Amino acid sequence: MIIQKTENSRISSFDPENYSFGDHFTDHMIICEYENGAWGEAKLMPYGPLPFSPSNMAFNYGQACFEGMKAYKDSSDEVYLFRVNKNFERINKSAKRLAMPEIPEEVFVGGLKALMDIDRAWIPTGEGKSLYIRPLIFATEEGLKARVSNKYMFAIVAAPATSYYSAPVSVKISDYYSRAASGGVGFAKAAGNYAASFYPTQLANDEGYEQIIWTDDSTHEYFEESGTMNVFVRIGNTIYTPPTSEKILDGVTRDSFITLAKHKGIDVRVEPIAVKDVLAAQKDGSLKEIWGVGTAVVTTAFKSYGYQGENFELPVLSEEESFALSLKKALVDIQTNAAEDPFGWREKVEKDVLQTV
Ligand SMILES: *Cc1c(COP(=O)(O)O)cnc(C)c1O
């Protein structure tokens, strides 16, 4: 790895007690370029803008995918990553689906650890704080012919993230728009999936909903995801989440919630969730919780939902009563080294990794 350290650290302009997510990026970034059929040597360099022309193929034809992960500090300032291999495997699934070259493990994992080590001072500590990490791959060739690019860039950037708390939101169950289609790219973390979700989300916002629960594109009768998160529903004391598919992204948080719930003896069913079954459970009082899960906030609980013009309230549960909140706590405790990690998910970032890469 080529190492080019910054001579102008911006860390003194970062107040770890007072910032919001996305305001600050750490001192360094990783980049690695692909051309002539091969990835070059990864480079750790000062964070900053890169020059691209408007005819860059990523801008025109959308070959771009990304990952979202976090690094956490424990009470003795040790740094931990979480289930890195899941994100590594997933970025390559996404890349493959978008006809982009897969990234070698030493570039992804080696780059990640080097960046976390050199920028460890940027990882905030305290309740709910962490460093959000964004690995991405995008086309970089100039050209307007609609074809696969021959040049790509892999990059990793990182930004301090704030509290996990997100207030319960109201959601609209979609009966028209879809996030993903059969044979499409829903399972990939393709940048374009986000672009396509913004407009329907704006329409839902105009109706007073913060997010959308996406339903299947052919019948709109089954839940798929909520916003950019996987979705869970609790009926009685059983929790349900739809099976992953080419239309449902295989979230690391979703998988961790399923494992933790089983470990706690909660009845978990990975099966399709029909809108009509949710409405029937609402009617008979057995619908307890609906929530979304993803790396960024871990859990967003829903307080109400709308379906075809009607609004429904969900019960208000205490932290002890809520499965969403107790599973979230169990997960965060493992991520931040505040609890045992029986699953081997946590990985410590050793100091001075740069000496060895
Ligand atoms: C990233 C993402 C998720 C959550 O995945 P995690 O690995 O848990 O962060 C869920 N759904 C979509 C559409 C996503 O892009």
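In this tour, Ala, Val, Leu, Ile, Met, Phe, Trp, Tyr, Cys and Pro count as nonpolar, Asp, Glu, Lys and Arg as charged, and the others, Gly among them, as polar. The model on display is predicted.

**First stop: the pocket.** Begin with the second largest pocket, which holds about 690 Å³ of space. Its lining consists of 34 residues. By class, 15 of the lining residues are nonpolar, 14 are polar and five are charged. Select Lys189, Tyr194, Gly227, Thr228 and Met229 to find the lining residues that lie nearest the centre of this pocket.

Next, colour helix H4 (191-206), which gives the most to the lining, with five residues. Other elements that each supply at least two lining residues include strand E8 (130-139), strand E11 (211-215) and strand E16 (287-294).

Now select the ligand, which sits in the second largest pocket. Two elements give two or more residues to the shell around the ligand: strand E13 (229-235) and helix H5 (252-263). Of the 14 residues around the ligand, Lys189, Tyr194, Glu225, Thr253 and Thr295 come nearest. The shell comprises four nonpolar, six polar and four charged residues.

**Last stop: individual contacts.** Which distances separate the side chains of Lys189, Tyr194 and Thr295 from oxygen atoms of the ligand? For Lys189, a polar side-chain atom lies 2.7 Å from a ligand oxygen atom. For Tyr194, an N or O atom of the side chain is 2.6 Å from an oxygen atom of the ligand. For Thr295, the distance from a polar side-chain atom to a ligand oxygen atom is 2.6 Å. Finally, display the surface of the ligand: taken alone it exposes 380 Å², and the protein buries 96% of that.

Terms used. Residues are numbered from 1 along each chain as its sequence is written. This is a predicted model: local features need pLDDT of at least 70, side-chain atom pairs count only at pLDDT 80 or more; totals for chains, interfaces and linings use all residues. Side-chain values use heavy atoms; hydrogens and water are left out. A residue is near a molecule or strand if one of its heavy atoms lies within 4 Å of it. A polar contact is a pair of N or O atoms within 3.5 Å; within protein, one must be able to donate a hydrogen and the other to accept it, and residues adjacent in sequence count only if both atoms are side-chain atoms. Accessible areas come from the Shrake-Rupley method with a 1.4 Å probe; for residues, only the protein chains shown count as cover. On a 1 Å grid over the protein atoms alone, a cavity is a set of points where a 1.4 Å probe fits but cannot get out, and a pocket is an open set with protein on both sides within 12 Å along at least five of seven lines; lining residues have an atom within 4 Å of a point. A molecule sits in a cavity or pocket if more than half of its atoms lie within 2 Å of its grid points. Helices (H or I, at least four residues) and strands (E, at least two) are DSSP runs, numbered from the N terminus. Grid points are joined across faces, edges and corners, and a volume is the space filled by probe spheres set on the points.
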